[in-house]
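Subject: Structure handover

Hello,

Here is the structure I promised you. Please open it alongside this note, which runs through what came out of it.

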Amino acid sequence: MLNAPRYRPDVDGLRAIAVLAVVGYHAFPDLVPGGFVGVDVFFVVSGYLITGLILGSLERGRFSFAEFYARRVKRIFPALIAVLLSCGALGWFVLLPDEYRQLGKHVAAGAGFVSNFMLWREADYFDVLSDLKPLLHLWSLGIEEQFYIAWPILLYAFWRRQTALLALTLILSAGSLALNVATVRTDAVAAFYSPLARGFELLAGSLLAMKPARAPIPDGLRASASVVGLLLIAAALLLVDRNRLFPGAWALLPVAGTCLILAAGEEAWLNRHLLARSALVRVGLISYPLYLWHWPLLSFARIFERDEPSPALRGALVAASVALAWMTFAAIEAPIRFGRPARAKVAALCALMLFAGLGGLAVFRLQGLPSRSVGASARNIMAQAEWPYWEDEACVRKYAMTPCQASGARPTVMVLGDSHANHLYPGLALTAPALDVLQAGTCPPLEGVALHVLKNQDKHPCATTDYLELNKRVLRQHPEIRTVLLVALWRNAITGELANARERSIWGGVRLVPADPREAGMSNAELVLRGLERTIASLRALGVRVVLLRDTPDIASEL
């Protein structure tokens, strides 16, 4: 059986500082700009405790790989399973299919402890979209578990040669740090999520637990070492922010600070009188479930709000995460970890984790289960938003125009122009029920100016029909139409460029051709102005009121 190293309350106090920093950063980033370095503190502490546990058991001749991993399962799985299943259940009721599909993928990755690799391929940790990923924080758990798979094997192979083990650890740690520093400038996402680039932090803690490095700091320097260590961590919290190239060399602040505090020992004044205080120790005991719970609550709140939640709501969610952490520790984690040892516990936990992972994978494969009630609501919303304006056969037959759509039997308003005129129709038809609208937009309404495209000219609707004359015929036949709204993507006609990459690939560009040879030398802007003047004059001659609208701003030309 594995022998756990002697309990140090100051280590739990250090964990408390780490988790409070992370929670503070996620809830109030302006107050704790570098709070994410709390994860680096966790890494060092984890390397220190795990290496001490394994080496102590090896020296006593009681180490067992099966026992080691069974303890890891009982330590890590209970709270993680609770969070994964809770997120999946909440997502079932509130997330749209695309959102739920992504959550399913993240649940599967979290259950398999590969979240860091999956997130590595998706986006930067500091990316705005990352705030909408309820399981983003499991990247650190993935790195720790990957370390726990490889590191015990190396310790088992080298533990009898302590000097060689120390040298190997130093080489691996230095290599990992060098890789991180080199990578952070060329691929910051890889430097953040790669276990090879973050391994030096866990190995730094491991070094402190090795026999050649166990010589205590002289009594006269212990107090100073722990104070300097805490100051380094505090400096990281204040000086490091999301705009820095992190980890890189900046990670040395929290790593070195944590190492100094651990090496100072529990008898150092700061460790004994501050870190070992009962309030911090209690927070440290629930640091793991608190870390797991706080981020999903904040992330789901951002999804619901579609914006940053208010400070009051974020504060309430932090309080709720503390309450959930205590309940998880007392009702789930402690009974499983410290109750009667039983293989059945480990088997049941593994089965539940497999269930969570396969469930997440199924949600991902099934496209977020769109048949859920929230998925059906989303489909209804999308169906209402669809606008099949080319398919209103009754309107086409009545007015002999294509496209054509009318909101009533006797429309009083015509929307005239191109597709940018057409997009006004649904809003006018829905928000003004007393206003019957006829939309007939296909081409810019420029009388006496033909619009030609550079490619596929014979397939472009503006080249085959004089839509302005068709619209004027409708106005003559239906005197109840008293108002005409003119709107188009005027920029296309003036610049000669089409709106987006797809249109440019199909049509090439735009060329204006005046009917009057005397206007042949005019610029596009002059032709647009002349064409609009003639259009407005001819429409007014029919006795209708003309409203000229500016087009809505767009960014499509950059796509």
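Val 114, Phe 117 and Trp 120 make a nonpolar patch of about 240 Å². Patches are made of residues with over 30% relative accessible area and no salt bridge; like charges are joined within 9 Å, nonpolar side chains (Val, Leu, Ile, Met, Phe, Trp, Tyr) within 5 Å. Accessible areas come from the Shrake-Rupley method with a 1.4 Å probe, and for residues only the protein chains shown count as cover. Trp 120 sits in helix H5, residues 115-122. Helices (H or I, at least four residues) and strands (E, at least two) are DSSP runs, numbered from the N terminus. Trp 120 is partly exposed, at a relative accessible area of 32%. The cut-offs here are under 20% for buried, over 50% for exposed, and partly exposed in between (1.4 Å probe, protein chains only).

A word on the source: this is a predicted model, in which local features need pLDDT of at least 70 and side-chain atom pairs count only at pLDDT 80 or more, while totals for chains, interfaces and linings use all residues. Residues are numbered from 1 along each chain as its sequence is written, and side-chain values use heavy atoms, with hydrogens and water left out.

The whole chain

The protein chain has 559 residues, and 49% of them count as buried. It holds 25 helices and 7 strands. Its accessible surface comes to about 26300 Å², with 63% belonging to carbon and sulfur atoms. Take the contacts (heavy atoms within 4.5 Å). Among those with a separation of 6 or more, 77% are between residues 24 or more positions apart.

A helix pair

Two packed helices are described by the angle between their axes and the distance between the axes. Helix H1 (residues 9-27) packs with helix H13 (residues 278-285) at about 70°, and their axes are 7 Å apart. Axes are lines fitted to C-alpha atoms, for helices over the stretch in contact; angles run from 0 to 180 degrees between N-to-C directions. H1 and H13 are therefore roughly perpendicular to each other. The classes are under 35 degrees for roughly parallel, over 145 for roughly antiparallel, 65 to 115 for roughly perpendicular, and oblique for the rest. On the H1 side, the residues in contact include Asp 12, Arg 15 and Val 19. Their counterparts in H13 include Leu 280, Val 281 and Leu 285.

Salt bridges

Side chains of opposite charge can pair when their charged atoms come close. A salt bridge here is a side-chain nitrogen of Lys or Arg within 4 Å of a carboxyl oxygen of Asp or Glu. The structure holds 17 of them.

Lys 472 is worth a look. Its side chain meets that of Glu 447 in a salt bridge (3.3 Å, N to O). That pair links distant parts of the chain, 25 residues apart: Glu 447 is in the loop between strand S3 (437-439) and strand S4 (449-453), and Lys 472 is in helix H22 (residues 467-477). Lys 472 also forms a salt bridge with Glu 469, with the closest N and O atoms 3.4 Å apart. Those two both lie in H22, 3 residues apart, about one turn of the helix. Lys 472 is buried at 7% relative accessible area. Glu 447 is partly exposed at 21%, and Glu 469 is partly exposed at 35%.

Arg 518 and Asp 516 form another salt bridge (2.9 Å, N to O). Arg 518 is exposed at 73%, whereas Asp 516 is partly exposed at 21%. Elsewhere, salt bridges that share partners join Asp 40, Arg 198 and Glu 201 into one network.

Buried residues

Asp 40 is in helix H2 (residues 38-59). Its relative accessibility is 0%, so Asp 40 counts as buried. Beyond neighbours within four places in sequence, Asp 40 contacts Arg 198, Glu 201, Phe 246, Ala 251 and Pro 254. Asp 40 and Leu 252 are 212 residues apart in sequence, yet 9.2 Å apart in space, C-alpha to C-alpha.

Leu 539 lies in helix H25 (residues 524-541). It is buried, also at 0%.

Glu 519 is in the loop between strand S6 (510-514) and H25. It is buried at 4%.

Best wishes
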